[in-house]
Structures are given as structure tokens and as C-alpha cells.
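Please read the following account alongside the sequence and the coordinates.

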Amino acid sequence: MTTRAIRNIYCVGRNYREHAAELGNAVPEAPMLFMKPSHAAAAMDGSAITLPAGHGAIHYEAEVVLHVGRDYREGLTVDELVDRFALGLDMTLREVQDTLKKKGQPWLAAKGFRGSAPLGPFRPFPGAAAIRDTSFALKRNGEEVQRGTTGMMIFDLQTIVDYCAMHYGLGEGDLIFTGTPAGVGAVADGDRFELLWDGEEAGSCRFALV
Ligand code: MG
């Protein structure tokens, strides 16, 4: 898919226990959602993605990303609703986010900048149960930094789509970033990143901090 066809980009925060802990955050009692503009999307096709320099550390967060293939109706299962999925990175200006949190202000500046939603190629979604134990991983400059499975999530995929649909609406062309496992860290100019699904490459890019 081209990034032009993307509508809303929802993201779930703190959906893996060890990631919430590594940032000193409490585990939420309900899915914690925020959004990125569709303009944040960037294809992880091996080329360079430009990120904003001069605003403090930019963290990578490897996540499973759902593509919603039809408009939501009550009672639809995640398997009926989601037609494709990809791996992606929820890029975060961490120091900006810390400041916004302290002030109680919205996260847009920390999470919604251009290039903040790199996406690997989408593939058919075989169902929530089928992918539950399949590992996804992220390599930075050839070294693994993150690894997880959707089975490790605090809120499972069905809970996330139901919550999203009920409170904000869900329709064809929407994406959901479903949260990141532990191991997030900062990007340096020129770093190469590779996402892996079940050990196979599922998107790569180089970051240019400009
Ligand atoms: Mg995230």
C-alpha cells in the first residue's frame, strides 16, 4: 500500500509490561491511545528516512501494526476486521514527551512529527491466534535491540480494536500501532534499522537526523 491510502493512525501506549517498567510508567487499566497524523507514515523500503535533529533523543519502538480492511460493525472479530499487518516503528522524541507529560500537554510534538511512523511492507493477516507466538524483532546496525510477540501484550488485539472502535471509530484504511516490547533506545544519525518477522526481514531503513 502507499502511505497515501492511510487514514487514521491510532497507537497504543504501554501495552507491554516490561516496556512500561523500563520508562518508569505504571501499567494502564484500559488501553491508552494516542494518534499520529497520516503524514507521519514513511515506507521502510531500505531508503533513508529523515528525522528532526535538535529536539533531544529520538527513540525507536518496534510494533506490530494492524491495517483495518473494512468499516467496523459491532460484533466483528479482529480477524474479520483486519486484512493486513506490518511491522513499524513508533518514533518518539523522548525528551519532548517527558516535558509534555510533566505539563499535562498533548503528545503530538513527541509522537506525530513527519517520519515518526516508518512502516514495513504489509502482508496478509492470518488471524490473531495464528500470530500470537510469532516473534518480531528489531536490529540496530545489525544488533538485536528488541524482541516480542503479540501474546505478551497487556491488552490483546481484539480488546484494542473494540476499544478503538467504541470510543473513536474504526474504518477501512485505519492503522493501529499496538505497542512496543522492552528495549527502546535512541537513534543516531546514519543508524540502519531492520525489522524481522519470524526471523525474516520485514522492513529496513536508515535514519538521517537533519
Ligand atoms: Mg509505542
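The model is predicted, so local features need pLDDT of at least 70 and side-chain atom pairs count only at pLDDT 80 or more, while totals for chains, interfaces and linings use all residues. Residues are numbered from 1 along each chain as its sequence is written, and side-chain values use heavy atoms, with hydrogens and water left out.

Strand β1 covers residues 9-13. Strands here are DSSP runs of E with at least two residues, and helices are runs of H or I with at least four, both numbered from the N terminus. Five of the five residues of β1 are buried, where buried means under 20% relative accessible area, exposed means over 50%, and partly exposed lies in between, with a 1.4 Å probe and protein chains only. Ile9, Cys11 and Gly13 point one way from β1, whereas Tyr10 and Val12 point the other way. Strand β1 has a parallel partner in β13 (residues 175-177), with three bridges, and an antiparallel partner in β2 (residues 32-36), with five bridges; two strands count as paired if DSSP finds at least two bridges between them. Cysteine 11 takes part in both pairings: it stands opposite phenylalanine 177 in β13, and its bridge partner in β2 is phenylalanine 34.

Elsewhere, three strands form an open sheet in the order β8-β5-β14, with antiparallel pairing. Its edge strands are β8 (92-93) and β14 (185-186), each of which pairs on one side only. Strand β5 (residues 58-60) is joined to β14 by two bridges in the antiparallel sense, and tyrosine 60 faces glycine 185 of β14.

The interior can be described through its nonpolar cores, each a set of buried Ala, Val, Leu, Ile, Met, Phe, Trp, Tyr and Cys residues joined through side-chain atoms within 4.5 Å. The largest has 47 residues, of which Leu66, Met91, Leu170, Ile176 and Phe207 touch the most other members. Helix α6 (residues 157-168) contributes the largest share of this core, five residues. Apart from this core lies another, of 14 residues, among them Cys11, Leu119, Phe122 and Leu175. Leaving aside neighbours within four places in sequence, phenylalanine 207 has contacts (heavy atoms within 4.5 Å) that include Ile49, Leu51, Met91 and Phe193.

The whole structure holds six aromatic pairs. Rings of Phe, Tyr and Trp (its six-membered ring) pair if their centres lie within 6.5 Å; planes under 30 degrees apart count as stacked, over 60 as edge-to-face and the rest as tilted. Tyrosine 60 and phenylalanine 193 form a tilted pair, with 5.2 Å centre to centre and 50 degrees between the planes. Tyrosine 60 lies in β5 and phenylalanine 193 in β15 (residues 192-197), so the pair ties together parts that are 133 residues apart in sequence. Tyrosine 60 counts as buried at 2% relative accessibility, as does phenylalanine 193 at 1%. Ring pairs link Tyr60, Phe193 and Phe207 into a cluster.
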